[in-house]
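Here is a briefing on one protein model.

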Amino acid sequence: MTIKSLLSTVSLALLIGGTTTAQAQIAIGHLEDLSGGTSDVGTPYGQGVADTFAWVNKHGGIGGKQLNVDSNDYGYQVPRAIALYKKWSGGDKVAAIMGWGTADTEALTGFLAQDKIPDISGSYAAALTDPEGTSGKAKPAPYNFFYGPSYSDALRAELTWAAEDWKAKGKPGKPKFVHMGANHPYPNAPKAAGEALATELGFDVLPPLVFALAPGDYSAQCLSLKSAGANYAYLGNTAASNISVMKACKTAGVDVQFLSNVWGMDENAAKAAGDAADGVIFPLRTAVGWGGNAPGMKTVMEISGMSDPTGKVYRPVHYITAVCTALYMKEAIEWATKNGGPTGENVAKGFYQKADWVPAGMEGVCDPSTWTEKDHRPTMKVDLYRSKISGPTDGDINDLMAKGIIKLEKVKTVELPRKPEWFGW
């Protein structure tokens with residue numbers, strides 16, 4: 001079952017007895033990228049959101065009301081996201097939004113605050129973490145939420161590891177760091193934070209290298225890496241374009257340690273890149289991957305069955321992240337329903353009700369998260385993993401993972417301090 005075919009399931013309230021009214025539903029807007037520049041990771045994430053809400057409806061919805069989820073492929077285009085927002089903030093106002101990209105989420109931040117509509121997005125830009133604007137580095141974002149470490153904090157953790165790695169290897173001189181990615185709000189989100197910490201940690205920070213949010217020939221960027229003698233390179237894009245860079249640099253014989261953005265590496269990327277992806281360091285937002293040994297994996301499997309009753313589809317880490325994200329939203333709506341009704345304002349308050357929060361039934365899968373009225377950084381813990389490739393990757397992903405040809409190997413957990421000067425950027 002595809003995401004589109006799930007829409008009728010998610011909006012099941014429209015069909016029951018033919019008499020269910022809008023008042024008996026809870027409306028949620030859902031932005032997803034199935035065709036744009038980030039669709040490589042947007043598709044499994046969007047499927048995870050759709051499956052989760054379909055599963056919630058199958059189990060009675062929330063407070064006796066079905067969820068009416070309006071899912072839209074906006075193609076990673078800000079104008080389309082704004083047009084959809086106007087629809088969702090109009091007469092039939094949604095209780096919440098499941099958002100996606102950095103550029104569109106940041107463009108909507110002021111409107112969300114004005115209209116009091118919470119948005120838990122797939123963007124982890126640090127600018128979205130300051131609800132009151134007290135950091136002075138970003139405008140107030142009281143209705144913006146996300147699950148997992150911010151892009152900036154994830155990069156800070158990777159650089160912390162890189163500094164230790166350089167020292168452990170006993171190499172002479174200062175290590176060289178370079179930020180790579182498209183000249184776009186998403187890859188640029190952690191750039192200043194990363195370069196500042198790299199300087200503080202003793203790296204030589206090289207001029208950034210730009211490559212587009214699309215697959216292409218990036219041989220020139222790899223030759224620049226080689227000639228500059230870069231030791232650590234941060235890939236700020238999603239997997240599809242990162243794969244092109246990794247392959248080109250492998251061909252060019254570039255000896256560099258890649259550090260990937262959270263959306264830049266997963267099991268599918270490792271399969272597509274093959275041995276070019278071996279050794280890439282990246283953050284993971286869930287405690288386990290697909291089929292992992294955790295009590296909550298049973299819930300994930302049930303949710304996956306909403307679109308894959310055969311149980312044969314492999315779900316990458318981004319799918320599981322979407323399940324966690326959607327279940328946080330579900331529980332915030334549940335709290336709102338019991339405390340004045342599922343208005344946007346009440347749903348936002350629902351995010352503040354628990355500390356070290358793991359959604360029910362997701363124990364050992366979703367990492368504990370805490371949002372407060374003054375700080376929307378849900379965690380300062382960053383789990384770093386390394387992709388390991390030990391053979392040809394042209395087989396079925398289930399087999400490749402089961403045989404250990406592709407492994408996501410945990411390297412380190414970095415517990416970052418909640419520094420005030422890191423707030424909002």
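How much space lies in the largest cavity? About 60 Å³. A cavity is a set of points, on a 1 Å grid over the protein atoms alone, where a 1.4 Å probe fits but cannot get out. The model is predicted: local features need pLDDT of at least 70, side-chain atom pairs count only at pLDDT 80 or more, and totals for chains, interfaces and linings use all residues. Residues are numbered from 1 along each chain as its sequence is written, and side-chain values use heavy atoms, with hydrogens and water left out.

**Cavities**
- The structure holds 3 cavities of 30 Å³ or more.
- Residues lining the largest cavity (an atom within 4 Å of a point) include W100, Y151 and W263.
- That lining has 5 nonpolar, 5 polar and no charged residues; Tyr and Trp count as nonpolar, Gly as polar, and Asp, Glu, Lys and Arg as charged.
- The second largest cavity has about 50 Å³ of space.
- R285, D367, K381 and D383 are among its lining residues.
- By class, the lining of the second largest cavity has 5 nonpolar, 3 polar and 4 charged residues.

**Overall build**
- The C-alpha atoms of the protein chain fill a box of roughly 70 × 50 × 35 Å along the principal axes.
- Buried residues (under 20% relative accessible area, 1.4 Å probe, protein chains only) make up 57% of the 425 residues.
- Among contacts (heavy atoms within 4.5 Å) between residues at least 6 apart in sequence, 74% join residues at least 24 apart.

Conventions. 1 Å grid on protein atoms, 1.4 Å probe; cavity = no way out; pocket = protein on both sides within 12 Å on 5 of 7 lines; lining within 4 Å. Points joined across faces, edges and corners; volume = space filled by probe spheres on them. Buried < 20%, exposed > 50% of the residue type's maximum accessible area, 1.4 Å probe, protein only.
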